[in-house]
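Q: I am new to this structure and would like to learn how to read its features step by step. Could you take me through it?

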Amino acid sequence: MITSKNRTKHLLCSALMTLLNNQKRSFESITINEICEQAIIHRTTFYTHFSDKFALFQYLYRALTKQRMNYSIVERIYEPFRISAELKQVHALHIATELTRKSKTMKDFIEPLMYEAIALDLKSMQFTTNLNIPEQLLIEHLRATLLTLDHYWIQEANHLQAMEIDHYYQQLIKPIFKTTHHSHS
C-alpha cells in the first residue's frame, strides 16, 4: 500500500532524477523550487519531508541501494552494472553522480553513501580476500573502481553493454577475492 507520504517522496525523487537526467544539470544548480515544480508539489510540502535537497538526494540514493537488495550478494558484488541497467533508476543515479563529479561538495556527500553501500555488501558476503589489506582500503578501492568504470561507460555514450562493463570490473577485482565466491567470470 502506497501512503500519501511515500507517494510524495516518490514524486520528489522522480522530479530530482528528471532534472538531473533529462536536463543534464548539476545538482548544485537545481533549486528546491524547480524540484517542487517538476513534482507538482508545494514547497512547504517538500520541507515536511526533507530538510534540504541534500536530504532528498540521500533518501533517493538509499532507496535505490535498497532496490539492489532484491539481487543476490554475488550479483551485487560482481555484476553491479547489469543491475544498474536493469534498475533504470540506478543507472540514472550514476549519470547524476557523473554530472556532479567535479564538485567537491557532492564528492564529499556521495562518497560516504557509496562507502556505506559497499561496506554493507561486503559484510553480507562475509568476504575473504587474497590480500592482507584493511577493509577500509578495500572499500575505497571498490568505490573508486566503480566510479572509474561508470565514468568510462558514460564517456563511451553507453555503447558498451552492462555485461561488458561488468567483465572489466570483474577483471579488476578478481585478484582481490578468493575464487570461492566468484561464479560469474
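Predicted model: local features only at pLDDT ≥ 70, side-chain atom pairs only at ≥ 80, totals over all residues.

Q: How many disulfides does the structure hold?
A: The general idea is to look for a pair of cysteine sulfur atoms within 2.5 Å. In this structure there are 0 disulfides.

Q: Is C13 buried or exposed?
A: A residue counts as buried when its relative accessible area is under 20%. C13 has a relative accessible area of 8%, so it is buried, and C36, with a value of 4%, is buried as well.

Q: At what angle do helix α1 and helix α4 pack?
A: Angles from 65 to 115 degrees count as roughly perpendicular. Helix α1 (residues 4-22) and helix α4 (residues 53-68) pack at about 100°, with their axes 10 Å apart, and the two are therefore roughly perpendicular to each other.

Q: Which residues make that contact?
A: From α1 come K9, L12, C13, L16, M17 and L20, while α4 brings L56, F57, Y59 and L60. By kind, these residues of the contact of α1 with α4 divide into 9 nonpolar, no polar and 1 charged.

Q: How do helix α8 and helix α9 pack?
A: Helix α8 (residues 104-125) and helix α9 (residues 135-155) pack at an angle of about 115°, their axes lying 9 Å apart, and the crossing of α8 and α9 is right-handed.

Conventions
Residues numbered from 1 in each chain as written. Heavy atoms only, no water. Buried < 20%, exposed > 50% of the residue type's maximum accessible area, 1.4 Å probe, protein only. Axes fitted to C-alpha atoms, helices over the stretch in contact; angles between N-to-C directions. Helix = DSSP H or I, 4+ residues; strand = E, 2+ residues; numbered from the N terminus. Left-handed = near helix turned anticlockwise from the far one by under 90°. Parallel < 35°, antiparallel > 145°, perpendicular 65-115°, else oblique. Contact = heavy atoms within 4.5 Å. Nonpolar A, V, L, I, M, F, W, Y, C, P; charged D, E, K, R; others polar.
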